[in-house]
Amino acid sequence: MSRTLLAGLAGIAILAACSDIVSPVRNARYDWRLIVAYDSAGPRLDTLSFHWPRNSVPVKLWVEDASDLKARAREGIALWKDAFLYGEWDARLVDDSTSADVIIRLLQPPPLPAGAIRMAASVEPCFGATDVDTGATRFEIVLPVRSYVFPSLPNDPGLEDCMRHVTSHEIGHTMGLFQHSPDSLDLMYGVPAVDFLSERDVGTAENAYHFTPDMVPVRP
Ligand SMILES: [Zn+2]
């Protein structure tokens with residue numbers, strides 16, 4: 001390799017390093033889109049994005065009134081709301097489950113309904129899951145989205161922290177973050193162990209809400 005080329009490469013490396021420093025950290029992200037298997041012409045995978053439309057915000061969450069789950073949900077809402085500069089996403093708790101967009105229950109996840117896709121986080125001493133049903137066309141999110149948070153080791157000293165991480169993590173799924181981050185320092189890691197948003201969580205949420213959604217919410 002010639003000296004000139006090496007110098008050129010070094011220059012590129014320096015430029016890249018500088019742009020890393022000055023570029024907004026909000027650009028950091030992981031893939032959040034839902035991978036849907038379909039078989040209209042043989043088994044295929046589609047990668048689909050979703051975010052709540054403006055007229056659905058604040059998203060209506062019905063949260064089971066048990067074991068501080070409502071308090072955990074309020075914390076999760078506040079956490080994620082702060083990720084957005086322009087109020088692209090927000091949520092509020094509602095009393096009537098029949099009109100809710102999202103239902104969060106303190107319950108061991110039941111068998112997966114036909115056609116639904118489950119995102120599950122298995123972390124002792126609690127675990128969580130969120131199910132989405134993409135409808136007959138796969139371009140829909142059939143309401144309500146259902147999340148479950150469940151204490152698997154009720155007497156464990158780490159239970160409260162676990163419930164906090166997992167409830168906020170499941171709320172992340174209900175926003176449209178349908179994949180897990182590969183990084184353990186992100187709230188959306190498959191085994192969530194933090195109760196704050198990393199720069200990647202923030203960047204991913206913002207990106208998801210600035211991306212044209214493939215799926216729309218529908219109420220059956
Ligand atoms: Zn998850």
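Two strands pair if DSSP finds at least two bridges between them. By that rule, 6 strands here form an open sheet with mixed pairing, in the order S4-S3-S5-S9-S7-S6. Helices (H or I, at least four residues) and strands (E, at least two) are DSSP runs, numbered from the N terminus. Please keep in mind that this is a predicted model: local features need pLDDT of at least 70, side-chain atom pairs count only at pLDDT 80 or more, and totals for chains, interfaces and linings use all residues. Residues are numbered from 1 along each chain as its sequence is written.

**The sheet**
- Strand S4 (91–93) and S6 stand at the edges with a single partner strand each, so one side of each has no neighbour in the sheet.
- From one strand to the next, the twist averages 20 degrees.
- S3 and S4 run parallel and are joined by 3 bridges; leucine 61 has leucine 93 in S4 as its bridge partner.

**Helices on the sheet**
- H2 packs on the sheet and touches S3, S4, S5 and S9 (contact means C-beta atoms, placed from the backbone, within 7 Å).
- The direction of H2 makes about 155 degrees with that of S3 (axes are lines fitted to C-alpha atoms, for helices over the stretch in contact, and angles run from 0 to 180 degrees between N-to-C directions).
- H3 lies across S5, S6, S7 and S9, at about 10 degrees to S7.

**Around leucine 177**
- Leaving out residues up to four places away in sequence, leucine 177 touches Trp32, Gly172, Met188, Thr204, Ala205 and Ala208.

Definitions and conventions:
Contact = placed C-beta atoms within 7 Å.
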